[in-house]
Every structure is written in C-alpha cells, then in structure tokens.
Amino acid sequence: MVARTITFSFLMLLFAAQYTISAEKREFIHPSIMSTQADLVGLKKRTVTDASALLGYKQFKQSEFVDLSRPHTPYAVVKVIASGSCKEEDAFRKDVQAAHATALMWALTGDVHYRDKALAILNDWAATYEKITVSKGSDAQAQLEAAWAAPIWTAAADIIRYYDHGSAGWKQADIAAFDRFLSSLVKTARGAFKNNNNWGTSATLAVMAVAVYQEDAAAYAEAIDMHKRHLKSISKNTGALGPDYLRDPWHPQYTILT
C-alpha cells in the first residue's frame with residue numbers, strides 16, 4: 001500500500017468537513033480532490049481556534065515532506081519493485097507526498113516558499129517522467145504504483161491550480177505538461193482494475209480523481225461505473241469484503257476508506 005506518511009490525524013480534519021455531492025449531479029468543483037476551498041479556509045481558521053487542529057498542524061509542520069530544504073528527484077524511468085523499494089520508487093512515492101504537503105502548507109499559511117516548492121516538484125516531474133517499469137516482480141506492479149500515486153499528484157495540483165482562484169499563478173504551459181503526466185499515469189493505473197481487490201479500488205480512485213481534475217465528464221462517468229461494478233465484485237451478501245478480508249488488517253481498511 002502507498003506510503004501515507006503525512007500526519008494522518010491532521011489530514012483527517014480535511015475529510016471531516018467534506019461536502020457530499022450527488023453522483024447524478026456531476027458538477028466539477030475546484031479545488032475538491034481532497035478538500036474544497038471552504039475546507040481549506042476553515043481548517044486554516046481552526047489551527048488558531050481549535051486545540052486538536054493546532055496539535056495536528058504542529059505535527060504536520062515537523063514532517064519531512066514540508067521541509068523546504070528537502071531535495072526532490074524526478075526520474076524519466078521510475079523503476080519499482082513488488083513488495084520492496086529502490087531509489088526511483090522511493091523518490092516517486094515521497095516526492096508526491098511532498099508536493100501535496102507543501103501545496104497544503106501554502107494554502108494554510110500563505111507562505112509563497114511552500115507554493116514555489118510545490119510548483120517545482122509538480123513541474124520537474126511533469127517535465128522528466130516518461131514511464132514506470134518493474135525491475136523485480138510482476139509487471140503489474142507498475143499499474144499499482146501508478147494507481148497509488150495518481151490521486152495524490154492530482155490533489156497537489158488541484159490546490160496549486162485552483163485554490164484562491166488560481167493565485168498560485170501556475171503557468172498554462174506547465175499546467176498542460178502536468179496534464180500529460182497525469183494522463184500517462186492514469187493510463188497505466190487503469191490496468192490494475194482487472195483485480196477485484198485493493199488493486200481495483202486504487203485504479204478506480206485514480207481514474208475518478210484525474211477525471212474530476214481534468215473536467216473529463218466521460219471519464220468521470222466511467223469511474224462511477226467502475227466503482228459500482230467493483231463494489232459489487234468485492235462484497236459478499238453478508239456485507240463482508242471478500243478479497244483481502246483475511247490477509248491483514250490494513251488492506252480491507254484501505255479498500256473501505258477509498
């Protein structure tokens with residue numbers, strides 16, 4: 001499962017305030033991948049007035065992913081290992097977390113140094129990346145890695161492009177380059193949907209997140225259909241999850257949460 005090393009308790013505060021939108025309505029609202037404009041503004045206020053939010057914020061600030069001096073390392077070819085890691089995979093996983101973390105910090109603090117760091121990560125990866133390959137294990141691992149990462153890349157871009165009416169000033173040429181990067185990732189991620197377990201869950205989320213960000217109505221409708229079919233395939237009549245159910249405690253939790 002993708003490393004979720006950004007302070008989890010703090011990010012859950014974002015979800016606590018999330019609005020619910022009908023699948024039938026299907027309007028694209030920005031930002032919205034993990035948090036809306038109102039969520040981010042509200043959270044910023046809560047870090048001043050709410051003790052639990054302030055505690056989470058202090059922990060979040062200590063994360064390596066909001067460290068402005070942390071280097072990011074984009075690769076043209078991201079090599080991955082099934083049930084393991086290597087330098088390219090490690091950079092890919094951690095840099096996407098840093099992109100989202102610094103984008104979030106910019107929204108919460110207004111500090112342009114965080115904005116610039118997030119932009120640098122997004123732009124450099126978009127300009128460098130070509131593909132994911134598997135150096136050890138099943139070739140399908142590339143599909144899973146792309147599916148894990150795509151929604152987080154999308155959430156970072158969602159903030160930088162749309163928060164405060166686009167005040168980050170992301171250049172159109174860079175936005176277009178990042179769109180191509182995302183499209184490449186989600187194309188790879190789609191392959192993971194053939195598995196009716198947490199892989200299918202990851203693929204569905206990747207397609208849906210990118211569709212919302214890119215305002216692709218056809219892809220979003222497809223993602224809703226994928227979600228319905230996948231939910232049916234992994235559920236038993238008792239309500240229990242079939243795949244991954246007895247494997248470990250975190251895979252079924254990830255499937256339900258997603």
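Predicted model: local features only at pLDDT ≥ 70, side-chain atom pairs only at ≥ 80, totals over all residues.
Leaving aside its neighbours within four places in sequence, which residues is Ala146 in contact with?

1. **Ala146 and its surroundings.** The residues in contact with Ala146, apart from its neighbours within four places in sequence, are Ile132, Leu185, Thr188 and Ala189. Ala146 itself lies in helix 6. Its relative accessible area is 0%, so it counts as buried, the cut-off being under 20%.

2. **The overall plan.** Stepping back, you will find 10 helices and two strands in the protein. Read along the sequence, they follow the pattern α-α-α-β-α-α-β-α-α-α-α-α. Of the 258 residues, 49% are buried. If you take the contacts between residues at least 6 apart in sequence, 73% of them join residues at least 24 apart. The protein exposes about 12400 Å², and carbon and sulfur atoms supply 54% of that area.

3. **The nonpolar core.** The largest nonpolar core has 75 residues, and Trp153 and Phe178 are those with the most contacts inside it. Helix 6 provides the largest share of this core, with 15 residues. Not counting residues up to four places away in sequence, Trp153 touches Phe92, Asp95, Val96, Ala99, Ile121, Leu122, Trp125, Phe178, Phe181, Leu182 and Leu185. Notice that Phe178, the other residue named for its contacts in the core, is among those that Trp153 touches.

4. **Helix 4.** This helix covers residues 87-109. Its 23 residues should span 33 Å at 1.5 Å a residue, and the end C-alpha atoms are 32 Å apart, which agrees. How many of the 23 residues of helix 4 are buried? The count is 19, so helix 4 is largely enclosed by the rest of the structure. After helix 4 comes Gly110, which has a positive phi, near 75°.

5. **Helix 4 against helix 5.** The axes of these two helices come within 8 Å and cross at roughly 150°. Helix 4 contributes Ala91, Phe92, Asp95, Ala98, Ala99, Thr102, Ala103, Met105, Trp106 and Thr109 to the contact, while helix 5 contributes Val112, Tyr114, Arg115, Lys117, Ala118, Ile121, Leu122 and Trp125. The crossing of helix 4 past helix 5 is left-handed. One of the contact residues, Val112, belongs to helix 5, which runs over residues 112-128. Val112 has a relative accessible area of 37% and is therefore partly exposed. Val112 and Thr102 are 10 residues apart along the chain, with 10.0 Å between their C-alpha atoms.

6. **Helix 7.** The length of helix 7 also works out: its 18 residues should span 26 Å at 1.5 Å a residue, and its end C-alpha atoms are 25 Å apart, which agrees. Its buried residues are Ile175, Ala177, Phe178, Phe181, Leu182, Leu185, Val186 and Ala189. These buried residues pack against helix 4, helix 5, strand 2 (131-136), helix 6 and helix 8 (198-213).

7. **Backbone details in the loops.** What joins His30 and Pro31? The link is a cis peptide bond, with omega about -20°. Pro31 sits in the loop between helix 1 (8-16) and helix 2 (37-49). Another loop worth a visit lies between helix 6 (141-162) and helix 7 (172-189), and Asp164 is found there. Asp164 has a positive phi near 55° although it is a residue other than glycine. With a relative accessible area of 36%, Asp164 is partly exposed. His165 is found in the loop between helix 6 and helix 7 too, and its phi is also positive, at about 60°, without being a glycine. Is His165 buried or exposed? Its relative accessibility is 81%, so His165 counts as exposed.

8. **Tyr220.** Finally, have a look at helix 9 (residues 217-234), where Tyr220 is found. Tyr220 is buried, with a relative accessible area of 11%. From Tyr220 to Ala209 the C-alpha distance is 8.3 Å, and the two are 11 residues apart in sequence.

Key: Residues numbered from 1 in each chain as written. Heavy atoms only, no water. Helix = DSSP H or I, 4+ residues; strand = E, 2+ residues; numbered from the N terminus. Buried < 20%, exposed > 50% of the residue type's maximum accessible area, 1.4 Å probe, protein only. Expected span 1.5 Å × (residues − 1). Contact = heavy atoms within 4.5 Å. Areas by Shrake-Rupley, 256 points an atom, 1.4 Å probe, with all protein chains shown as cover. Core = buried A, V, L, I, M, F, W, Y, C linked by side-chain atoms within 4.5 Å. Axes fitted to C-alpha atoms, helices over the stretch in contact; angles between N-to-C directions. Left-handed = near helix turned anticlockwise from the far one by under 90°.
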